[in-house]
Amino acid sequence: MKLVVLKGGDEAVPLTQCARTVLASTRTPGAVALSGDGLHWVLINVSPSVATQLSTDARLLRHAGLPDAAVRAVVLTDAQVDHVTGLLSLRDGAPIHLYATPAVFEELTHALPVLPLLEHYCGVQWHVIPVAGESREAVFQIEGQPTLEFTAIATDGPLPRHAAQPASAEVGETIGLAVRDLVTGQRFFCARSLAAAGFEAVEWMQQADCLLLGDDRVDAWPDDSESGVAGRGMFAQLDRVGARRKVLMAMPEWDAGSGRPAVDLARHGVELAADRMEINL
């Protein structure tokens, strides 16, 4: 299984002049592309900048089938604006095969009607992930990925501001995603936030070889009881996760702009995701 982090391209290299540049970490909302065979790819969420990067950044050409997919497979972990509006930027490209829960499809049909609009362009084939009601977990497959097994786990992440019922979250409004490579046995798990993951998701994290967290915020974490230092709660939680690779998609807000983050992250075995970072499992 191969993963590529996409964050919109730090000064993307035009397709007409591919050049080697240094990887850079940013707070830009991003996505992850993963593949079981290195030829067919699945996007986990898609922001507008990532959608643009797929069609303009020549550095992605080294990943066959990623920038020029015949069918664009996308898994949505929620209906947050930064995770779904990139679908509109894909409208002139390949047909989209969209995997999401009933709650997310409902949001994207009515509260944020992205799907009706896309039907007038590339078209969208719905693949419902059955996490809803009393069903908090569901195993599913993605076409073109026969060696990967996907499991969606309901989490307690924050609802988008445009949610149809913002005061009462439905099961399936947000999910964590576990992916197991059936050939190598390696496991990947991603969630928006460890703080709001919920009991079931934490159990899945313990089995992961690679853990990726989306956009944790310091105010979601308790201060260390002894030192009173913001963010220590996150590190305490991460220390209990046995994954050999732990990756944050964005710099924690309490550390942004300070000199402490690199030291703290390294001490706890945590990496900060960079645009086009590759992870092989």
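Before anything else, my working rule: I count a polar contact when an N or O atom pair lies within 3.5 Å, and within protein one atom must be able to donate a hydrogen and the other to accept it. One caveat for everything below is that this is a predicted model.

**Entry: His-268**

I looked up where His-268 sits, and found it in the loop between α8 (261–267) and β13 (270–272). Its side chain makes a polar contact with the side chain of Asp-239, at 3.0 Å. I then listed what His-268 touches, skipping residues up to four places away in sequence: Phe-235, Asp-239 and Lys-246. Buried or exposed? His-268 comes out at a relative accessible area of 19%, so I log it as buried; the cut-off for that is under 20%.

**Entry: the sheet**

I traced an open sheet of 7 strands, ordered β6-β5-β4-β3-β2-β1-β14, and its pairing is mixed. Which strands stand at the edges? They are β6 (124–128) and β14 (278–280); each has a single partner strand, so one side of each has no neighbour in the sheet. On average, neighbouring strands here are turned by 25 degrees against each other, ignoring direction.

Next I checked how β14 joins on. Strand β1 (residues 2–6) pairs with β14 in the antiparallel sense, over 3 bridges, and I see Lys-2 standing opposite Asn-280 in β14.

Then the helices. α4 (residues 102–111) packs on the sheet and touches β5 (96–100) and β6, with its direction at about 150 degrees to that of β6. α1 (residues 48–56) lies across β1, β2 (31–35), β3 (42–44) and β4 (72–75), and runs at about 110 degrees to β1.

**Entry: cysteines**

How many disulfides are there? My count comes to 0. For Cys-210, the closest cysteine sulfur is in Cys-190, 9.4 Å away, which is too far for a bond. Cys-210 is buried, with a relative accessible area of 0%. Cys-122 is buried too, at 15%.

**Entry: rings**

I got 3 aromatic pairs in the structure. In one of them, Tyr-99 and Phe-140, the ring centres are 6.2 Å apart and the planes are at 25 degrees, so I call the pair stacked. Tyr-99 belongs to β5 and Phe-140 to β7 (residues 137–140), so this pair ties together parts 41 residues apart in sequence. Both Tyr-99 and Phe-140 are buried. I also noted that ring pairs link Tyr-99, Phe-140 and Phe-150 into a cluster.

Note on methods
Residues are numbered from 1 along each chain as its sequence is written. This is a predicted model: local features need pLDDT of at least 70, side-chain atom pairs count only at pLDDT 80 or more; totals for chains, interfaces and linings use all residues. Side-chain values use heavy atoms; hydrogens and water are left out. Two strands pair if DSSP finds at least two bridges between them. Helices (H or I, at least four residues) and strands (E, at least two) are DSSP runs, numbered from the N terminus. Axes are lines fitted to C-alpha atoms, for helices over the stretch in contact, and angles run from 0 to 180 degrees between N-to-C directions. Contact means heavy atoms within 4.5 Å. A disulfide is a pair of cysteine sulfur atoms within 2.5 Å. Buried means under 20% relative accessible area, exposed over 50%, partly exposed in between (1.4 Å probe, protein chains only). Rings of Phe, Tyr and Trp (its six-membered ring) pair if their centres lie within 6.5 Å; planes under 30 degrees apart count as stacked, over 60 as edge-to-face and the rest as tilted.
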